[in-house]
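Trainee: I would like to go through this structure with you, one point at a time.

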Amino acid sequence: MSTLADLLAGDVEPHVFRWVPPATAAPDDVRRLVDEAGWRFAHVDGAGAPTKPALLAALGEALEFPAHYGANFDALADCLHDVDAGDRAGTLLLWDDWGRLATAQPSAFAVALTVLGVRADAKRGGPFAVLLRGAGPAPAGVPLLG
């Protein structure tokens, strides 16, 4: 199984992953690791974003979207299109406790995952990866990262 270190080193193509870290790490610990690898770090805590509107707002804040961000899935896709790693090696979004939305609003979770996955698979703006950390229903087509 590939690891976060493999991803940050560029040995794994960026995508949306379910992340099973070898040890529990606080978001700031993950941020330090990501920063040291030269990537930009963003974090969403799903405990505070258990609904579609709350998730969209949290994503806008975490990824520092412009004030005109409309907090809907079309606006999310548009703003993700403009996410650029700049002078960083890539952008990594850590989404903790994603299972709350996946369980409560599975269709909204599926759309969010699709929109994030499209950006992760895009070949512009630098690498973009999403780590889903925590328990939840296994989303189809999302590989594991150790």
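This is a predicted model: local features need pLDDT of at least 70, side-chain atom pairs count only at pLDDT 80 or more; totals for chains, interfaces and linings use all residues.

Trainee: Is V20 buried, partly exposed or exposed?
Mentor: Buried requires under 20% relative accessible area and exposed requires over 50%. V20 is partly exposed because its relative accessible area is 48%.

Trainee: Which residues form a nonpolar patch on the surface with V20?
Mentor: The patch has about 330 Å² of accessible area together. Besides V20, its members are M1 and L144.

Trainee: Which residue stands opposite R18 in β5?
Mentor: Strand β5 covers residues 144–145 and runs parallel to β1, with two bridges joining them. The residue in β5 opposite R18 is L144.

Trainee: Which residues of β1 lie on each side, and are they buried or exposed?
Mentor: In a regular strand, side chains alternate between the two faces of the sheet. In β1 (residues 16–19), V16 and R18 are on one side, with F17 and W19 on the other. Both faces are covered, and all of these residues are buried.

Trainee: Which feature does UniProt place at residues 39–132?
Mentor: Over residues 39–132 the chain is 45% helix and 18% strand, with the end C-alpha atoms 17 Å apart. The UniProt record, an unreviewed entry, gives the feature there as "domain: Barstar (barnase inhibitor)".

Note on methods. Residues are numbered from 1 along each chain as its sequence is written. Side-chain values use heavy atoms; hydrogens and water are left out. Buried means under 20% relative accessible area, exposed over 50%, partly exposed in between (1.4 Å probe, protein chains only). Helices (H or I, at least four residues) and strands (E, at least two) are DSSP runs, numbered from the N terminus. Two strands pair if DSSP finds at least two bridges between them. Patches are made of residues with over 30% relative accessible area and no salt bridge: like charges are joined within 9 Å, nonpolar side chains (Val, Leu, Ile, Met, Phe, Trp, Tyr) within 5 Å. Accessible areas come from the Shrake-Rupley method with a 1.4 Å probe; for residues, only the protein chains shown count as cover. A salt bridge is a side-chain nitrogen of Lys or Arg within 4 Å of a carboxyl oxygen of Asp or Glu. UniProt positions are given in the numbering used here, feature names are shortened, and annotations may be inferred rather than shown by experiment.
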